[in-house]
Amino acid sequence: MKKIGWFLIGIFTATLLSAFMAPMPSVAETVKLNYANFPPAPTFPCVQMERWKTEVEKRTNGKVLVNTFPGGTLLGAKNMMDGVIAGQADIGCLSMAYQPGRFVVTNASSLPLGIPNATVGSLVLWDLYQKYQPEEFAKVKVLTMFTTAPTNIMSKVPVRTLDDIKGLDLRASGGAAKILAAWGANPVGMPMPATVEALQKGVVKGLYSSLEVMKDFKFAETCKYVTVTDTVIYPFAVVMNMDKWNSLPKDVQKVMDDLRVEQAQWTGNYMDNHVKTAIEWSKTNQGVEFIQLSKEEKANWDAKLDFMATKWIGDTSAKGIPAQAIVDDLKRMIAEKSK
Ligand code: DTR
């Protein structure tokens with residue numbers, strides 16, 4: 001009886017000791033990261049941010065804690081890159097279209113080359129970045145990249161022909177704005193969150209973006225028409241302050257590196273599915289009319305964009321960037337990933 005008693009005490013002590021000695025992350029060891037994002041929490045850049053946070057916290061067994069800041073509460077749309085470089089946030093999510101001259105290589109993904117959806121777009125954008133490793137990202141660690149689904153016209157007035165779009169004030173940025181200009185519209189540049197007020201005040205008559213915003217920003221309440229163009233995507237990047245990255249333990253870095261492509265694909269997939277939901281909701285709950293261009297009309301619209309890739313190659317080669325090779329690579333990657 002006595003022996004059993006000592007035996008049990010022994011087991012109890014050993015268990016207690018091993019619990020203390022096990023490599024549980026102590027409070028001091030926990031890495032806390034601030035993650036800034038510019039649009040409101042329910043929108044897709046923030047949905048992917050929460051997914052990344054959850055995965056990183058899970059896969060590092062709580063060694064990393066990510067504090068997320070949606071809605072521009074830590075950094076805004078236009079100072080995201082510089083804010084992360086300066087260390088105002090550890091991580092930031094940015095839309096490259098807001099600084100088209102800064103992200104020349106990756107913004108080539110916004111040329112009208114026929115990216116069919118956000119999943120293909122996101123994987124193509126990642127491969128493009130990996131292959132060319134553009135200088136503009138040298139000061140940060142890139143954690144992932146992704147794109148929107150192709151863009152469409154959402155407007156308060158119906159746009160059925162090129163005549164209807166002539167001079168129409170529509171919100172767009174970057175490569176997408178150039179497309180609108182080629183069709184004769186008047187593109188008005190502003191970050192997505194500013195569009196809500198611009199539409200309400202009548203500063204713009206509509207916008208040109210992927211269609212999930214009809215639901216997420218409730219644009220379907222004011223824009224009762226969608227002209228289906230399925231043209232270009234908007235590219236995004238998630239970047240981390242380089243010193244912060246270098247300070248992370250190797251195993252944490254590995255978790256984040258392993259997530260780069262997976263996160264791109266996850267986000268593309270989420271976007272593609274969410275666009276379908278938003279279209280259904282816009283039609284059923286909001287009575288939005290979806291305008292399909294006739295074959296001839298579509299051919300006219302497409303013809304207006306023919307010059308764009310060639311012009312971009314000319315302009316960009318002049319800056320010493322291998323523009324022709326980039327466009328050739330993009331076309332090949334799009335074909336491969338679309339299979
Ligand atoms: N229109 C593009 C991209 C974009 C599409 N959906 C959202 C939602 C929230 C922010 C941006 C976007 C743009 O403004 O960057």
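Let's start with Asn37, which is buried at a relative accessible area of 0%. By buried I mean under 20% relative accessible area, with exposed being over 50% and partly exposed in between, using a 1.4 Å probe and protein chains only. Asn37 sits in the loop between β1 (31-36) and α2 (44-59). Those labels are DSSP runs numbered from the N terminus, helices being H or I with at least four residues and strands being E with at least two. A polar atom of the Asn37 side chain lies 3.0 Å from the backbone oxygen of Pro45. A polar contact here is a pair of N or O atoms within 3.5 Å; within protein, one must be able to donate a hydrogen and the other to accept it, and residues adjacent in sequence count only if both atoms are side-chain atoms.

A quick word on what we are looking at. This is a predicted model, where local features need pLDDT of at least 70 and side-chain atom pairs count only at pLDDT 80 or more, while totals for chains, interfaces and linings use all residues. Residues are numbered from 1 along each chain as its sequence is written, and side-chain values use heavy atoms, with hydrogens and water left out.

Now the overall picture. The protein chain has 14 helices and 11 strands. Its C-alpha trace spans about 95 × 50 × 40 Å along the principal axes. Of its 339 residues, 50% count as buried. One of the buried residues is Leu330, at 0% relative accessibility, and Leu330 belongs to helix α14. The C-alpha atoms of Leu330 and Gly114 are separated by 9.9 Å, though these residues are 216 apart along the chain.

On to the ligand. Which residues come nearest to the ligand? Among the 16 residues around the ligand, they are Ser95, Tyr98, Arg171, Ser209 and Glu212; a residue makes that list if one of its heavy atoms lies within 4 Å. Tyr98 places a polar side-chain atom 2.6 Å from an oxygen atom of the ligand. For Glu212, a polar side-chain atom lies 2.6 Å from a nitrogen atom of the ligand. In the side chain of Ser209, an N or O atom is 3.0 Å from a ligand nitrogen. Taken alone the ligand exposes 350 Å², and the protein buries 100% of that; accessible areas come from the Shrake-Rupley method with a 1.4 Å probe, and for residues only the protein chains shown count as cover.

Tyr98 turns up again when we get to the rings. Tyr98 forms one aromatic cluster with Phe38, Phe44, Phe146 and Phe236. The structure holds 13 aromatic pairs. Trp266 and Tyr270 are 4 residues apart in helix α11 (residues 250-286), so about one helical turn separates them. Both are partly exposed, Trp266 with a relative accessible area of 29% and Tyr270 at 21%.

The charged end of Lys215 sits over the ring of Trp281, 5.8 Å from its centre, and Lys283 lies over the face of Phe290, 5.0 Å from the ring centre. For this, NZ of Lys or CZ of Arg has to be within 6 Å of the ring centre and within 35 degrees of the ring normal.

Last topic: salt bridges. There are 18 of them in the structure, each being a side-chain nitrogen of Lys or Arg within 4 Å of a carboxyl oxygen of Asp or Glu. Lys337 and Asp127 meet in one, at 2.8 Å from N to O. Lys337 is in helix α14 (residues 323-338) and Asp127 in helix α5 (residues 118-132), so this pair ties together parts that are 210 residues apart in sequence. Lys337 is partly exposed at 31%, and Asp127 is partly exposed at 27%.

Helix α11 comes back here too. Lys254 pairs with Asp258, their closest N and O atoms being 2.6 Å apart, and these two are 4 residues apart in that helix, about one helical turn. Arg260 and Asp257 form a salt bridge at 3.4 Å from N to O. Finally, salt bridges that share partners join Arg51, Glu55, Lys58, Arg59 and Glu262 into one network.

Technical notes
Phe/Tyr/Trp six-rings, centres within 6.5 Å; stacked < 30°, edge-to-face > 60°.
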